[in-house]
Amino acid sequence: MDTQNPSAPPHAHTRGAGKNHPHRTARANTHPSGVIHDNTRHTTRFTVIGNHLAQHPQLSALAIGLAVHIQSLPTGSRVDIKTLAHRFPESPARIAAALRELETHGYLRRTRERTESGRIVTRTVSCNQPGRRADTTEDTPKPPVEPPARRAATAPRRKPARRALPAVPQPAYASPTLLRTATEVLAGLRRTDPRLLLSTTDAEHLAPGVAAWLERDLTPTAVRDALTSDLPPDPLRRPAALLAHRLTAQLPPPPPWRPPVEPPPVLLTMHNCDGCDRGIRAPGPGTRCRDCREGPTPATTTT
C-alpha cells in the first residue's frame, strides 16, 4: 500500500550496524536446521498482520494468503471470487473455499444489502482481529437507519407494467354489427365460467378475433363452446391472454367457395282465369289474366 498502516509507529528509528543484536549470528549458528530471519524494518508500504492469522492452526495456506492480501488492499477494492481468481492462479472453486474458511473463523463478514436503486450487492468486511468488532467500530459514525414504515413511504414500490395481450386474428370485413355480436359473445363467457370475466379493454382487444370466427360461418354458440371447453382447473391468472391464444391457435379455415345458386325456372301450366274463366298459362291456380288485372277499358260516348 502507498499509505502507511495506522497501527504502525509513526517514526521508525534505525540502529547502527554494530548495535543490531550482536549475538544473533552466534545464536543462529547453534540452530543450523531452523529458519534464519534476515529482517529489515519497514517504513513505507507495509501491513501489520497478527500471528493469530499468520500462524492460524486451522486455516489453509491459501486462506491465510488471501486474508493477508485482502488486509493489504485499500478500502473499496473488489475482493469477489471473480476478481481474486483473475489475480491468483488458483481456481475460483479453491478461492471460494478459502473465503468460506476466513468467514468461518471471523476474518471476513459478507452480507447482502439492497442499494437505493434496488440492486442486491454483497458487502465484504475484512477483520484483522476477529472478536474485536465492537472495539473497532465504536468511534465510527453510523448513518441513521430509517424505520421500515418510513422507508416504504419514501420509496413506494412500483407497480409492474401490464404485459400486452397476444395478437388476435382480424376479420376481412369488420362491420359494426359483426363486432357488436363478437362483444356480446365475450361478455357472455363469464356465465359459462366465472373465471372468464373480462374488462372492457380486454373485450375490445379480443372482439376482432371473435369476429374473424363468426365470418367463417360459425354461430355465436359454436364460438363460445370453443373458447370455454377444456379449460385448465387451476386459477386463470390472465384469462384474456388464454382466450387470445385460443382465437389464434384454433382459428377454423375459411368456408369453401360456393357459386351463387340460380333460382329454379318457373313452370307455367294451363289454368282458368279467376276473373273471366279464360284459359291462360300461369305458375298455378288463382291467377288472373292480364285483361282482368288491368281492369275493363272505359267506354267512349259520342254526341
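Mentor: Happy to! The protein has 13 helices and 4 strands, where helices (H or I, at least four residues) and strands (E, at least two) are DSSP runs numbered from the N terminus. This is a predicted model, in which local features need pLDDT of at least 70 and side-chain atom pairs count only at pLDDT 80 or more, while totals for chains, interfaces and linings use all residues. Residues are numbered from 1 along each chain as its sequence is written, and side-chain values use heavy atoms, with hydrogens and water left out.

Now to the helix pair. Helix α11 covers residues 220-228 and helix α12 covers residues 239-249. The two pack at an angle of about 120 degrees, and their axes are 10 Å apart. Here the axes are lines fitted to C-alpha atoms, for helices over the stretch in contact, and the angles run from 0 to 180 degrees between N-to-C directions. The crossing of α11 past α12 is right-handed; that word applies if the near helix is turned clockwise from the far one by less than a right angle, and left-handed applies if it is turned anticlockwise.

Which residues of α11 and α12 meet? From α11 come A226, L227 and T228, and from α12 come L243, R246 and L247. Contact means heavy atoms within 4.5 Å. By type, the residues of this contact divide into 4 nonpolar, 1 polar and 1 charged. In that scheme Ala, Val, Leu, Ile, Met, Phe, Trp, Tyr, Cys and Pro count as nonpolar, Asp, Glu, Lys and Arg as charged, and the others, Gly among them, as polar.

The loop between α11 and α12 holds D230. Its phi is near 55 degrees, a positive value in a residue other than glycine. For background, most residues other than glycine have a negative phi. D230 counts as exposed, at 73% relative accessibility; buried means under 20% relative accessible area, exposed over 50%, and partly exposed in between (1.4 Å probe, protein chains only). R45 also has a positive phi near 55 degrees, and R45 lies in the loop between α1 (24-30) and α2 (51-54). With a relative accessible area of 55%, R45 is exposed.

Elsewhere, strand β2 (residues 120-126) is the place of T124, a partly exposed residue at 33% relative accessibility. Leaving aside residues up to four places away in sequence, T124 touches V79, L108, R109 and R110.

C292 is in no disulfide either, and the nearest cysteine sulfur, that of C289, is 3.4 Å away. Both are partly exposed, C276 at 36% relative accessibility and C292 at 24%.

Finally, the whole protein. Of its 303 residues, 23% count as buried. The mean pLDDT is 79, and 77% of the residues reach 70 or more; pLDDT is the predictor's confidence in each residue, from 0 to 100. Over residues 134-140 pLDDT stays under 50, and for this stretch the model has 0 contacts beyond four places in sequence.

Terms used. A disulfide is a pair of cysteine sulfur atoms within 2.5 Å.
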